[in-house]
Amino acid sequence: MQDSRGDEVELLRPADLEALLDALRRGAVPLGGGAGLMSAAFADARGRTAVDLAGLGLDGLGLDGAADGRVGAMVRLSRLAPLCDGRPAIAQALAATGHPGVRRLITLGGVLGARSPRADLPVALAAAGATVSVLDAADGTVRELPALDLFDLPGPFAVLAVDLGPGMPGVYRRFTGHQAIAPSLVSVAAVRRPDGRVAVCVGAALPRPRLVDPDRLPGPGELLDDGEASAGYRHRIMRLLVAEACEALAAGRTDQPDPADLDPADLTGRPTRDRPGPHRTPSPSPSPSSPSPSPSPSAEAAVLVDGEARPAPDGSRPTDSLAWWLRDRGHLAVKVGCEEGTCGSCTVSLNGEPVPSCLVPVARLSDGDRVDTAAAVAGRPGGRAVIGALAGAAAVQCGFCTPGVLVSCGSWMDRHGALPADEEGIRGMLAGHLCRCGGLAAAARALCGVCPGAGPDVDVDAGNDREVTA
Ligand SMILES: Cc1cc2nc3c(=O)[nH]c(=O)nc-3n(C[C@H](O)[C@H](O)[C@H](O)COP(=O)(O)OP(=O)(O)OC[C@H]3O[C@@H](n4cnc5c(N)ncnc54)[C@H](O)[C@@H]3O)c2cc1C
Ligand code: FES
Ligand code: FES
């Protein structure tokens, strides 16, 4: 089947900061996790050039001073959780960002670089006094800025690193009109700074997040009035959230989410494979007369899909999604539903991490990457046990969501040996999966404690195989 996206994006891979600066000056759009590349948010890159920041050494955890709160811009959000220790407002904003599968793909630099007024993390980072290290293409310098100053940078820039600031008590609150993954209508972070002052930042309600005085909040005239909510409605919600956040801070209710809850597959600390490339220490003053970024590598690389080697994508259509790339090659266990990362039906295991494949640009595949679809998982003892449990409890209706669920279960069992013992644990594991038939409640009951070899064995090759691979 033909990919639904025909637009071409040329993808450059700079070898160092000088080449990155050169690309930015030529109008190239920086690429972090690339999740936005698969959505309308990246429309401005289409027909243009994107510059891939992977390979610049911006993902170094522990190497770039992570211990004191400084992290590289290419750090995936799933790996950020342990570094938020003692920074509850940032940890709570992290927990509010998307779902675990999304957090395994998107980067800290990408969340900041998108400059969305509705993003969660910038609000908490601003309240916590975080600063960003930015390569500003306007003057070619690397500068340290308060996080919110990014919104005012006029020209192209690349976030290189983020200083999360010292540990401080804080809270993050958001209000959304929908229960599932949806942008906030209002978000608020309140943090007690070391000098005792409480810093409050409001996001989502304003055209850009802003530090505010809790006693003199922005009036309705300054707030967004759009199809999601009126300014008056946002104003009332904002006052409530600010009051509640300040009260919680004063009462010491600054609980920090457990890192294991933020990534229920317990993947934190595991290296994320990126395309091999030179890892250089950022140099502070790139010269404008630097060489051009190197083009994409050749197509001789191979990717292991369900155990079989396939030639890696040749780089000619970097905005094709992994989901369609797989389906085009006959891997029909990959179901494509929303194509925006919310339903989970396209979930595959990429190097052991369950991710929505519709959000993975094929350009991010590297030589030796391992992709497992539901077809591979279904053939393993753990997969057979999951299918047996679901079938035994009649927990599947149309079956469209089942392959993605199977992959998430398989990845969990690979790490933990068995699925979570209770329904709450199963729901955490399946965050990011939606079932349009409403069957996940039954699935959550059926899957408690399932492990390889448990439950009725199903003849996958005869019947259920058609269900997961057709
Ligand atoms: C399913 C889904 C759910 C989401 N839910 C939430 C949510 O709940 N809360 C929330 O806050 N956000 C949410 N997001 C938005 C997400 O935070 C942004 O799309 C984010 O930009 C993706 O990060 P990325 O690393 O993939 O960025 P990319 O897609 O690579 O880039 C996004 C933008 O940032 C720029 N950029 C990337 N890296 C850098 C850099 N280092 N320096 C400068 N600019 C850069 C790019 O040029 C582009 O304009 C969600 C996204 C998806 C797909
Ligand atoms: S999450 Fe990929 S198709 Fe819905
Ligand atoms: S069973 Fe139909 S989408 Fe889940």
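How do the residues of the shell around ligand 1 divide into nonpolar, polar and charged? In this predicted model, the shell consists of 18 nonpolar, 11 polar and 2 charged residues.

**The surroundings of ligand 1**

Ligand 1 is surrounded by 31 residues, and the closest are Pro-30, Gly-33, Gly-36, Thr-107 and Asp-120. At least two residues of the shell come from each of β2 (29-31), α4 (108-113) and β7 (157-163). The most is given by α4, which supplies 4 residues.

**Aromatic rings**

The structure contains 1 aromatic pair. It is formed by Phe-175 and Tyr-233 in an edge-to-face arrangement, with 6.3 Å from centre to centre and 75° between the planes. Phe-175 belongs to strand β8 (residues 170-175) and Tyr-233 to helix α6 (residues 231-250), so the pair ties together parts that are 58 residues apart in sequence. Phe-175 is partly exposed, at a relative accessible area of 27%. Tyr-233 also counts as partly exposed, with 33% relative accessibility.

A further ring takes part in a contact with a charged residue: Arg-436 lies over the face of Phe-400, 4.9 Å from the ring centre.

Terms used:
Residues are numbered from 1 along each chain as its sequence is written. Chains are lettered from A and ligands numbered from 1 in the order in which they are written. This is a predicted model: local features need pLDDT of at least 70, side-chain atom pairs count only at pLDDT 80 or more; totals for chains, interfaces and linings use all residues. Side-chain values use heavy atoms; hydrogens and water are left out. Rings of Phe, Tyr and Trp (its six-membered ring) pair if their centres lie within 6.5 Å; planes under 30 degrees apart count as stacked, over 60 as edge-to-face and the rest as tilted. Buried means under 20% relative accessible area, exposed over 50%, partly exposed in between (1.4 Å probe, protein chains only). A charge sits over a ring if NZ of Lys or CZ of Arg is within 6 Å of the ring centre and within 35 degrees of the ring normal. A residue is near a molecule or strand if one of its heavy atoms lies within 4 Å of it. Ala, Val, Leu, Ile, Met, Phe, Trp, Tyr, Cys and Pro count as nonpolar, Asp, Glu, Lys and Arg as charged, and the others, Gly among them, as polar.
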